[in-house]
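Here are a few notes to read alongside the model. Have a look at the structure first, then work through the points.

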Amino acid sequence: MLTDWAAYAGLFLSAFGSATLLPLQSETVLAALLLRGGQSVAWLLALAIVGNVLGSVVNWFLGRGVEHFKHKRWFPIRESKLEKAQVFYQRYGYWSLLLSWVPIIGDPITLVAGVMREPLWRFTLLVTLAKGGRYLLLTLLVLGSMP
């Protein structure tokens, strides 16, 4: 039997990890816990949002330092891709952070926001709105499908 503490911690870690460049799926974990029942819906929702936003803040910090390493041979991102991402961010600006919840493109957007020196307060606000909205919608859909 999964204890409340383990459920909450697992969801938080899953949400945190999935906001970084790791290939994790926190939505599945949240949906499974909601369907299983036994934990506070408010706590599940809050921990998913906080974990996911904090993971994005890690990306932002990584983006702040990425320019120092872009010329290194071992650097995993080609300089041309980084420049392309910067052009995208310059074109759409901080509003592109509202897409931070989208799989595949969301995590790189949060990294590029750090590269582009987006103020942390605005970054956190927009990412929280985007990711919080996604988790809230998922929660409502899951709970609405239950008998």
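1. Start with helix 1 (residues 4–19) and helix 3 (residues 41–66): their axes come within 7 Å and cross at roughly 30°. This is a predicted model, so keep that in mind throughout. Angles under 35 degrees count as roughly parallel, and helix 1 and helix 3 are therefore roughly parallel to each other. The crossing of helix 1 past helix 3 is right-handed.

2. Which residues do the meeting? On the helix 1 side, look for Y8, L11, F12, A15, F16, S18 and A19. Their partners in helix 3 include W43, L44, L47, V50, L54 and V58, with G51 and G55 also among them. Sorted by class, this contact of helix 1 with helix 3 has 13 nonpolar residues, six polar ones and no charged ones.

3. Now for the charged pairs. How many salt bridges turn up in a search of the whole structure? There are two. One joins the side chains of E27 and R134, at 3.1 Å from N to O. This pair ties together distant parts of the chain, since E27 sits in helix 2 (residues 26–36) and R134 in helix 6 (residues 120–145), 107 residues apart. E27 counts as partly exposed, at 22% relative accessibility, whereas R134 is buried, with a relative accessible area of 15%.

4. The other salt bridge is between the side chains of E118 and R122, at 2.6 Å from N to O. Buried or partly exposed: where does E118 fall? At 6% relative accessibility, E118 counts as buried. R122 counts as partly exposed, with 22% relative accessibility.

How values were computed: Residues numbered from 1 in each chain as written. Predicted model: local features only at pLDDT ≥ 70, side-chain atom pairs only at ≥ 80, totals over all residues. Heavy atoms only, no water. Axes fitted to C-alpha atoms, helices over the stretch in contact; angles between N-to-C directions. Helix = DSSP H or I, 4+ residues; strand = E, 2+ residues; numbered from the N terminus. Parallel < 35°, antiparallel > 145°, perpendicular 65-115°, else oblique. Left-handed = near helix turned anticlockwise from the far one by under 90°. Contact = heavy atoms within 4.5 Å. Nonpolar A, V, L, I, M, F, W, Y, C, P; charged D, E, K, R; others polar. Salt bridge = Lys/Arg side-chain N within 4 Å of Asp/Glu carboxyl O. Buried < 20%, exposed > 50% of the residue type's maximum accessible area, 1.4 Å probe, protein only.
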